[in-house]
Amino acid sequence: QLQLVESGGGLVQSGGSLRLSCAASGFSLDYYAIGWFRQAPGKGREVVSCIRSSGGSTAYADSVKGRFTIGRDNAKNTAYLQMNSLKPEDTAVYYCAVLNYCSGPVIKDGWGQGTQVTVSS
């Protein structure tokens with residue numbers, strides 16, 4: 001059974017950096033895309049970034065382009081989101097998810113539990 005565990009969230013000052021990790025167990029991520037999503041208080045969940053199974057193609061929301069970098073290590077069954085130049089508007093709960101392909105649906109049981117990122121001004 002697939003389990004995803006995010007880590008690396010926390011409180012950081014504006015302009016700071018955080019690196020989120022998403023570790024999968026009970027399931028191989030090799031042939032799946034991995035997405036990072038976020039949900040701010042009072043707002044809907046939005047996609048932040050996605051990486052294809054091969055790792056060769058990535059996509060970013062305009063709001064994070066140039067500041068965030070997504071990556072994956074299939075040998076470790078893990079994905080990452082490096083977040084630099086953080087802004088208060090990046091404050092949200094961040095989730096990783098497993099998708100059949102970027103822009104596709106999240107697979108069954110494919111959501112992590114989320115990790116809180118808070119950026120102070």
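The side chains of E46 and R38 meet in a salt bridge, with 2.7 Å from N to O; a salt bridge here is a side-chain nitrogen of Lys or Arg within 4 Å of a carboxyl oxygen of Asp or Glu. The structure holds 5 salt bridges. This is a predicted model, in which local features need pLDDT of at least 70 and side-chain atom pairs count only at pLDDT 80 or more, while totals for chains, interfaces and linings use all residues. Residues are numbered from 1 along each chain as its sequence is written, and side-chain values use heavy atoms, with hydrogens and water left out.

**Salt bridges**

- R67 lies in the loop between β6 (58-60) and β7 (68-73) and D90 in the loop between β8 (78-83) and β9 (92-99), so the pair ties together parts that are 23 residues apart in sequence. Strands (E, at least two residues) are DSSP runs, as are helices (H or I, at least four), numbered from the N terminus.
- Both R67 and D90 are buried.
- D62 and K65 are both exposed.

**Surroundings of R38**

- Strand β4 (residues 33-39) contains R38.
- The side chain of R38 makes a polar contact of 2.9 Å with that of Y94, and one of 2.7 Å with that of E46. A polar contact is a pair of N or O atoms within 3.5 Å; within protein, one must be able to donate a hydrogen and the other to accept it, and residues adjacent in sequence count only if both atoms are side-chain atoms.
- Not counting residues up to four places away in sequence, R38 touches G44, R45, E46, V48, S63, V64, F68, E89, D90, A92, V93 and Y94; contact means heavy atoms within 4.5 Å.

**Largest pocket**

- The volume of the largest pocket is about 160 Å³. On a 1 Å grid over the protein atoms alone, a pocket is an open set of points where a 1.4 Å probe fits, with protein on both sides within 12 Å along at least five of seven lines; grid points are joined across faces, edges and corners, and a volume is the space filled by probe spheres set on the points.
- Its lining consists of R38, Q39, A40, K43, G44, E46, S63, R67, K87, E89 and D90, where lining residues have an atom within 4 Å of a point.
- By class, this lining has 7 charged, 3 polar and 1 nonpolar residues. Asp, Glu, Lys and Arg count as charged, Ala, Val, Leu, Ile, Met, Phe, Trp, Tyr, Cys and Pro as nonpolar, and the others, Gly among them, as polar.

**Asparagines in the loop between β7 and β8**

- N77 lies in the loop between β7 and β8 and counts as buried at 14% relative accessibility.
- The side chain of N77 reaches the backbone nitrogen of L29 at 2.9 Å. Residues up to four places away in sequence aside, N77 touches C22, A23, A24, F27, S28 and L29.
- N74 is also placed in the loop between β7 and β8, and counts as partly exposed at 29% relative accessibility.
- Leaving aside neighbours within four places in sequence, N74 is in contact with D30 and S53. The C-alpha atoms of N74 and G55 are separated by 8.9 Å, with the two residues 19 apart along the chain.

**Positive phi values**

- Most residues other than glycine have a negative phi.
- S85 is not a glycine, yet has a positive phi of about 50 degrees. S85 lies in the loop between β8 and β9 and is partly exposed at 41% relative accessibility.
- D109, likewise a residue other than glycine, has a positive phi near 60 degrees. D109 is found in strand β10 (residues 106-111) and is partly exposed, with a relative accessible area of 41%.

Terms used
Buried means under 20% relative accessible area, exposed over 50%, partly exposed in between (1.4 Å probe, protein chains only).
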